[in-house]
Amino acid sequence: MQRLIIEGGKRLSGEIELQGCKNSALPIMAAALLCRGRCVLRHCPEITDIYSASRILNCLGAECSFSDGTAAADTAAADGTEIPDALMREMRSSIVFMGAILGRCGECRVSIPGGCELGARPIDMHLSALRRMGTIINEDGGSIYCRIPSGRARGARLTLPFPSVGATENIILCAVCAEGTTIINNAAREPEICDLCGFLRSCGAEISGDGCGRITVEGVPPEKLHGCTYTIMPDRIAGATYLCMVAAAGGEMILKNACTAEMEPFLSVLEQTGCSMCCTGETVYLRSGARLRAVQDRIRTMPHPGFPTDAQAVLMAALTTAEGTSVFEETIFDCRYRHTEALRKMGAEIDIVGRAAVVRGVGRLHGAEVSATDLRGGAAMVIAGLSAEGTTIITDISHIDRGYEKIEEAAARLGGRVRRE
Ligand code: UD1
């Protein structure tokens, strides 16, 4: 079992080129199934979740390969309809393959990814929408069997009770080759949804309204879709993580290849900590103040363009040593404060009150041995370790590797002392 050893307390300075976005690359790999051809994905992050997605594609009959930040997937022969339980369990977002397989083959057999990482993650909205599109669904224990009797889904007018990212993706994937038009009201507006739609349009799909909360998908005949070459957008959450590293440890950095507009809901909060920031085109310059200030307003996680739930843990790690008290309110997931125990072990003062986390800034954190609880929680521990006095050892780092390309090398480019053993 590998672990990260961090010698903290050093000012950081350097430049990072942002990796491609996990949360758009995953649904885009699922979408490649609809193209029945060769898709080349540039700037595809080399992280374990992406390797899991490529194992799923291979198991369905596709051929995937990676070289130098580019993934190639040939899905011409990918007529498989079943994802084995073990592959479904490797990665929670495997559920997005459901809409893509259904859209391509008219049937699929998947299972609900188990475990409790962030709290309950039901898929009732996904299933209800697919049913409205003509799918018969049988659930048996954890296994889900979906079948469209005519072989091809039919368009539907849908209104989501909540702008769920995963449900929006599954509906889009099922609707692309459906008969007729699908309208998704209250659709998720996350930039990664727009990236998925951009990819599908490059393959011949007819989608409009993404990013505005009302998406229209005009179903096209399956043979109209073709492979393409597409560049995955930058990862706004990895960007937030590296900015928080420098904000917490003190110093300055240049973040290149950043999606500055999409990062705005995070950047506007980070700026309130007293960091000076400047965005020009695809670059963010950040210089931290002498000591961070607490954020005055409640930091409420919300669907985009609200403050992202994925950035909650990393910003919290930075605010543990800010001057004053910051309050987070997690509204998306009911179990997303598991990292706070590790932060407390490192000297942070955090109280959980219902959905809120009250963070009273302390002068300094100290190193400790901690265990990564989940992907972003683990990244928060790296941030805390870099700013802490002494040595921090992080175990269970497979969680971190799911979403960050060699986080220790990124930290080293900023001058951080992090090694993997
Ligand atoms: C969520 C985040 C996404 C983040 C990802 C990984 C939001 C809106 N979504 O996406 O930004 O990148 O986690 O951390 O911030 N829900 C249901 N029934 C459903 C589907 C969802 O009740 O069928 C509920 C969930 O329990 C949760 C909320 O809706 O409380 C958000 O779900 P959703 O956006 O679907 O989650 P993810 O797609 O995992």
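## A hairpin to start with

In the hairpin formed by strands E11 and E12, five residues lie between the strands, and Gly209 takes a positive phi near 90°. Strands here are DSSP runs of E with at least two residues, helices are runs of H or I with at least four, and both are numbered from the N terminus. Three bridges join E11 to E12, and the two run antiparallel. Within this pairing, Glu206 stands opposite Glu218 in E12.

A word on the basis of this report: the model is predicted, so local features need pLDDT of at least 70 and side-chain atom pairs count only at pLDDT 80 or more, while totals for chains, interfaces and linings use all residues. Residues are numbered from 1 along each chain as its sequence is written, and side-chain values use heavy atoms, with hydrogens and water left out.

Two strands count as paired if DSSP finds at least two bridges between them.

Axes are lines fitted to C-alpha atoms, for helices over the stretch in contact, and angles run from 0 to 180 degrees between N-to-C directions.

## Helices H1 and H7

The axes of H1 and helix H7 (residues 191-202) come within 9 Å and cross at roughly 30°. That makes H1 roughly parallel to H7 (angles under 35 degrees count as roughly parallel, over 145 as roughly antiparallel, 65 to 115 as roughly perpendicular and the rest as oblique). The crossing is right-handed, meaning that the near helix is turned clockwise from the far one by less than a right angle.

From H1, the residues Asn23, Ser24, Pro27, Ile28 and Ala31 meet Glu192, Asp195, Leu196, Phe199 and Leu200 in H7. The residues of this contact divide into six nonpolar, two polar and two charged.

## Backbone points to look at

Most residues other than glycine have a negative phi, and most peptide bonds are trans. Arg36 has a positive phi of about 45° although it is not a glycine; Arg36 sits in the loop between helix H1 (22-31) and strand E3 (38-42). Arg36 is partly exposed, with a relative accessible area of 36% (buried means under 20%, exposed over 50%, partly exposed in between, with a 1.4 Å probe and protein chains only).

Lys406, also not a glycine, has a positive phi of about 40°. Lys406 is found in the loop between helix H13 (398-401) and helix H14 (407-413), and is partly exposed at 48% relative accessible area. Finally, a cis peptide bond with omega of about 10° joins His304 and Pro305, and Pro305 lies in the loop between strand E17 (299-300) and helix H10 (312-319).

Key: Contact = heavy atoms within 4.5 Å. Nonpolar A, V, L, I, M, F, W, Y, C, P; charged D, E, K, R; others polar.
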